[in-house]
Amino acid sequence: MAEDNKQKDEMAPGFMPAGIPKVDSAEVPENGVIDTDVVVIGGGGAGIPACLQALEDGARVVLLEKRNKAGGNAIMARGIFGCETDVLRKAFVYTDKDEIFTNAMRWHHYDRVNGKLLRAYINQSGDTIDWIMKRGIQFEVNTTTRMHYNQDPTWHCVVGGNMAKAMSALFRDALEKGLKPYFETKVEEILMKDNKAVGVRAVHDGKELIVNAKSIIVTTGGFLPVEEKVREYYPAYSSESFGGFMIKDNTGDGIGLVENAGGALEDYITLIREGCAASDKAPRMLSEFVREPYHMWVNKKGHRFVEETAGEILQIMTNALMMQPGVRAYAVFDDDIMQYMSEHGFELCKGDNVRGCAIPNIREDFKKMAQKAPDACVVADTIGEIAAWIGCKEEALQEEINNYNRYCDQGYDEDFNKKRRFLRPIKKGPYYAIMHMGIAVDTVGPVRIDHKTQVLDKQYDPIEGLYAAGVITSGWQSNDYCGQYLFGSALSYSINSGRIAGRNAAALAKK
């Protein structure tokens with residue numbers, strides 16, 4: 001199968017194994033009306049799998065995408081979550097979907113999570129890995145697909161590429177099975193009749209396009225670029241406080257479409273976020289430096305605020321960070337700590353070449369980064385210089401360091417109970433500091449669905465013929481994203497919920 005796909009890549013112009021193919025829209029009938037079984041709105045991480053699954057189940061499918069090509073945020077992911085897979089078994093990694101589900105529900109404190117929906121996603125995740133691998137895509141799990149010591153490597157990463165390669169294979173298969181895609185097509189309205197979704201009204205090439213369908217699937221993705229809308233559901237968000245990346249076309253169009261069709265919206269979203277990011281413009285290695293548990297973290301006032309091994313789980317350490325002035329923090333350490341890292345390598349870095357391995361040029365590399373990104377890190381001869389760089393009072397920072405050094409000397413952190421083996425004093429210059437912040441990756445919600453991905457109305461009843469999948473939907477995340485049990489869920493859930501939606505939408509259409 002892999003060889004077959006290789007030949008297709010060589011034979012078909014525009015199909016590249018590293019990305020999503022750019023293809024022309026299907027032909028539009030002269031009367032501007034299309035009849036089909038299933039129409040999918042949005043061709044990203046949930047839309048492409050929804051199309052392919054519905055096609056495999058015997059439905060005719062039309063895809064409407066407002067951009068000029070498919071892919072969305074999915075093309076930037078490295079891998080996806082999956083459990084009970086052959087990949088894991090070959091790596092001698094035991095995972096149990098029942099155990100993962102129970103742990104995930106408890107980790108979320110049963111808050112905002114539809115247990116049946118989360119269960120459906122987890123149960124199907126292993127099959128989805130196999131489903132993708134049948135298209136010639138290979139996945140791997142290893143030490144670099146874990147965030148910390150206590151996390152099982154359930155994050156399946158694509159060998160020789162990223163998820164753009166996988167999504168390309170799925171999209172190509174959908175085209176070969178008869179998918180009719182229409183790009184640069186903006187959906188204006190979901191058509192309703194007798195409380196049933198019966199089609200959509202869209203604009204394609206400046207002309208109205210009506211698609212009559214028995215099932216509609218909304219997979220338009222998140223809306224992080226629209227700060228005002230994000231703040232409606234997540235008041236603490238500010239683009240000035242968070243770094244991150246985003247596709248500017250993701251503007252939450254599907255939310256209004258669903259609401260106008262009678263679908264219910266939750267009054268909150270989950271913000272997918274990570275901490276320990278040096279900055280958008282700083283060298284990536286600084287983010288690995290920040291995670292090291294030997295440093296002392298302070299806020300803009302020079303005050304320590306958390307036990308520094310919080311950097312183990314990037315998704316939830318942002319909770320502590322968001323309580324600090326300007327949502328900024330600073331990792332401070334001295335030359336003895338730098339020497340230790342030079343001899344022993346990093347503790348939490350995901351790169352095997354620097355974790356647990358000597359880094360003899362670490363000082364020189366850090367100085368180069370300080371010259372390249374002076375707002376992100378600094379090398380100084382005195383604590384006073386570090387304080388001036390942070391913008392805090394020297395006395396406040398020095399007092400915090402004195403207390404911290406006392407905790408290191410006595411082997412007990414009276415403030416935050418930091419593990420003894422990570423307590424290393426800050427006494428010997430030169431001194432180093434790194435600014436770190438949170439990054440926002442995407443939004444989750446607020447469309448309410450059930451475990452079959454049917455859109456629910458305000459009375460929690462399903463709207464016949466209307467489905468939604470991917471990050472536009474709520475019910476699979478609480479306030480905090482994924483945790484240690486479901487790492488890689490943003491795209492994994494999109495793909496799996498897309499498949500569930502495609503399967504159910506096709507079944508309804510075939511009735």
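Colleague: What should the 22 residues of helix H15 span at 1.5 Å a residue, and how far apart are its end C-alpha atoms?

Modeller: Keep in mind that this is a predicted model. The 22 residues of H15, residues 489-510, should span 32 Å, and the end C-alpha atoms are 31 Å apart, which agrees.

Colleague: And how many of the residues of H15 are buried?

Modeller: 16 of the 22 are, so H15 is largely enclosed by the rest of the structure.

Colleague: Okay, on to strands. Which residues of strand E3 are on each side, and are they buried or exposed?

Modeller: E3 covers residues 61-64, with Val61 and Leu63 on one side and Val62 and Leu64 on the other. All four are buried, which leaves both faces of the strand covered.

Colleague: How many bridges join strand E2 to E3, and do they run parallel or antiparallel?

Modeller: Four bridges join them, and they run parallel; E2 is residues 38-41. Within that pair, Val40 stands opposite Leu63. To get from E2 to E3 the chain passes through helix H2, residues 47-56, in a β-α-β crossover that is right-handed.

Colleague: Which residue of strand E7 is the bridge partner of Leu64?

Modeller: That would be Tyr182. E3 and E7 (residues 180-182) pair in the parallel sense, over three bridges.

Colleague: What stands opposite Phe139 in E6?

Modeller: Val158 does. E5 and E6, the latter being residues 155-158, are joined by two bridges and run antiparallel.

Colleague: Changing topic: where is Pro360 found, and is Pro360 buried or exposed?

Modeller: Pro360 is in the loop between helix H11 (335-344) and helix H12 (362-372). Its relative accessibility is 63%, so it counts as exposed. Glu343 is 17 residues away along the chain, and the C-alpha atoms of the two are separated by 7.0 Å.

Colleague: Last one: what pLDDT does the chain average, and where does pLDDT stay under 50?

Modeller: The average is 91, and 95% of the residues score at least 70. Residues 1-17 are where pLDDT stays under 50; the model has 20 contacts for them beyond four places in sequence. Where pLDDT is low, the predicted coordinates should not be read in detail.

Note on methods. Residues are numbered from 1 along each chain as its sequence is written. This is a predicted model: local features need pLDDT of at least 70, side-chain atom pairs count only at pLDDT 80 or more; totals for chains, interfaces and linings use all residues. Side-chain values use heavy atoms; hydrogens and water are left out. Buried means under 20% relative accessible area, exposed over 50%, partly exposed in between (1.4 Å probe, protein chains only). Two strands pair if DSSP finds at least two bridges between them. A crossover is right-handed if, with the strands pointing away from the viewer, the path from the first strand over the helix to the second runs clockwise. The expected span of a helix is 1.5 Å times one less than its number of residues. pLDDT is the predictor's confidence in each residue, from 0 to 100. Contact means heavy atoms within 4.5 Å.
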